[in-house]
Amino acid sequence: MTPPPRPADALTLEVVDLIATVVARYHEEYEEAAARHSLTGAQARVLALLAREPLPMRKIALKLKCEPSNITGIVDRLEARDLVERRPDPDDRRVKLAAATEEGRRTAARLRESLHFAREPLAGLSETERATLRDLLRRMLGEQA
């Protein structure tokens, strides 16, 4: 039988609360920025992913932790606005990739540029502090620093 987890110490609880506040503020600003571009938050997140690289629907769903059928509807709406297109995967013609169009990449860039919440406080940190924060966050997520 696994022993019950130890209660978190006060510092850990404070850090968890601070992370939760940062995440909530980021999501709030992200939703507002998306709305200024006539996008939902989900549409903006899909567009941001596709602006980096074309992806199959299933991979988008995995990255955003949602059902592939939800992604299909989101991509349909982005495609209707000429922000996204579907194309065959060059490595497997049976697979369709969703890819940002040129206008989709421009919209994603404008959206990213309009996010000030994270950028402004981060600008107050030195480059070394930002790199340390990045490395700590990557470590928390189990990624290579």
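Q: What makes S2 and S3 count as paired strands in this predicted model?
A: Two strands pair if there are at least two bridges between them. Here 6 bridges join S2 to S3, and the two strands run antiparallel. One of the bridge partners to look at is Lys96 in S3, which sits across from Pro88.

Q: Why are S1 and S2 called edge strands?
A: The open sheet has 3 strands in the order S1-S3-S2, with antiparallel pairing. Strand S1 (55-56) and strand S2 (84-89) each pair on one side only, and that puts them at the edges. As for what lies on the sheet, H4 packs there, touching S2 and S3, and its direction makes about 115 degrees with that of S2.

Q: How do you know that the length of helix H2 agrees with its number of residues?
A: Helix H2 covers residues 41-52, which is 12 residues. At 1.5 Å a residue they should span 16 Å, and the end C-alpha atoms are 17 Å apart, so the two agree.

Q: What makes Val46 and Leu47 of H2 "buried"?
A: The label needs under 20% relative accessible area. Val46 and Leu47 are on the buried list for H2, along with Gly41, Gln43, Ala44, Ala48, Leu49 and Leu50.

Q: Why is H3 called roughly perpendicular to H4?
A: Their axes come within 8 Å and cross at roughly 110 degrees. The label covers 65 to 115 degrees, so H3 is roughly perpendicular to H4. The contact is made by Met57, Arg58, Ile60, Ala61 and Leu64 of H3 with Pro68, Ile71 and Val75 of H4.

Q: And why does H1 get that label with H2?
A: The axes of H1 and H2 come within 8 Å and cross at roughly 90 degrees. That value falls in the 65 to 115 range, so H1 is roughly perpendicular to H2. At this meeting point, His27, Tyr30, Glu31 and Ala34 in H1 meet Gly41, Ala44, Arg45 and Ala48 in H2.

Key
Residues numbered from 1 in each chain as written. Predicted model: local features only at pLDDT ≥ 70, side-chain atom pairs only at ≥ 80, totals over all residues. Heavy atoms only, no water. Helix = DSSP H or I, 4+ residues; strand = E, 2+ residues; numbered from the N terminus. Expected span 1.5 Å × (residues − 1). Buried < 20%, exposed > 50% of the residue type's maximum accessible area, 1.4 Å probe, protein only. Contact = heavy atoms within 4.5 Å. Axes fitted to C-alpha atoms, helices over the stretch in contact; angles between N-to-C directions. Parallel < 35°, antiparallel > 145°, perpendicular 65-115°, else oblique.
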